[in-house]
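Me: I would like to go through the pockets of this model and then a couple of individual residues. Could you take me through them?
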Amino acid sequence: MSSSFKSPVDTAKAISATAGAKNSANIVNVILLSFLAGAYIAFGGLLAVITSAGMLKAGAPVGLEKFVFGAVFPVGLIIVVLAGSELFTGNVMFMTLGVLDGSASVGGLAKNWVLSWLFNFVGALFVAYVLAYMGGLFPADSAFTAKATAVAAAKVKMPFAQAFIKAIGCNWLVCLAVWLANASDDIIGKIFGIWFPIMAFVTIGFEHSVANMFFIPLGMFLGAEGVTWSTIIVNNLIPVTLGNIVGGAVFVACIYWYTYLKD
């Protein structure tokens, strides 16, 4: 009887093959798919804000509020993986392993990372401004607005080192979610493989650069204190992006390449 999932070695080979395809992908396609990935992650973030808003004020335990926030957020990565798109954080793992295995080039890695990061940002901003803010989902006196502004303000006040370390933990789990999805050969297995690690990183409170491209601008649009384009980029996105690179490249791609694919 055939198995419905790949072995770790076969999963590593599949990741490397995908990296090769990403390496030679058409630039216009990468831009469009990166826009979609940013929007999909933003959908998960928007759902998380809406479902958890007001829980603490209503007396819910803080752990339950964090779990609800984390339990619905994975819808974004589920769509990213199953519908197909270019997510920077996942691409950190794909392209690093591909370069190490010889299926991708350093130039291809740079092109993929830069384009996916930039256009993930565009997609996330589109959802934050056009769909959420202009769409009127956040009236000024609502619990939704209070939740969105609190999340944004907390993220830009975080010390650089703390944001960097939290980002390592985040993309370690995100890339494991993508790894498990690639290991599964059926759609239900892929969904479960994605849901648990993503729920875990969000509930724990780790930092995801693409999610923050949605959360923090949304808070800024709604008037969050201390949130400006400068604090978004300098205080959060720079340390979080660097930490995400370490988490995905070192703790997933490098270690699994060394153990499963290195001669």
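Me: What volume does the largest pocket have?
Reply: The largest pocket holds about 500 Å³ of space. A pocket here is an open set of points on a 1 Å grid over the protein atoms alone, where a 1.4 Å probe fits, with protein on both sides within 12 Å along at least five of seven lines; lining residues have an atom within 4 Å of a point. This is a predicted model, in which local features need pLDDT of at least 70 and side-chain atom pairs count only at pLDDT 80 or more, while totals for chains, interfaces and linings use all residues. Residues are numbered from 1 along each chain as its sequence is written, and side-chain values use heavy atoms, with hydrogens and water left out.

Me: Which residues are closest to the centre of the largest pocket?
Reply: The lining has 24 residues, and Lys 66, Phe 69, Val 151, Lys 155 and Gly 205 are the closest to the centre.

Me: Which helix gives the most to that lining?
Reply: That is α7, with five residues. At least two residues each come from α3 (62–72), α7, α9 (187–204) and α10 (209–221). Helices are DSSP runs (H or I, at least four residues), numbered from the N terminus.

Me: And the second largest pocket, what is its volume?
Reply: The volume is about 260 Å³. Its lining comprises 17 residues, and Thr 18, Lys 22, Val 81, Ser 85 and Phe 94 lie nearest the centre. Two or more lining residues come from each of α1 (8–23), α4 (75–83), α5 (88–101) and α8 (160–183).

Me: Switching to Lys 147: buried or exposed?
Reply: Lys 147 is buried, at 17% relative accessible area; buried means under 20%, exposed over 50% and partly exposed in between, with a 1.4 Å probe and protein chains only. Lys 147 sits in helix α7, which spans residues 143–156.

Me: What does Lys 147 touch?
Reply: Beyond residues up to four places away in sequence, Lys 147 touches Val 49, Ser 52, Ala 53, Glu 65 and Phe 69, where contact means heavy atoms within 4.5 Å.

Me: Where is Thr 231?
Reply: Thr 231 is in helix α11, residues 229–261, and is buried with a relative accessible area of 16%.

Me: How far apart are Thr 231 and Phe 160?
Reply: Thr 231 and Phe 160 are 71 residues apart in sequence and 11 Å apart in space, C-alpha to C-alpha. Setting aside neighbours within four places in sequence, Thr 231 is in contact with Val 156, Gly 226 and Asn 236.

Technical notes. Grid points are joined across faces, edges and corners, and a volume is the space filled by probe spheres set on the points.
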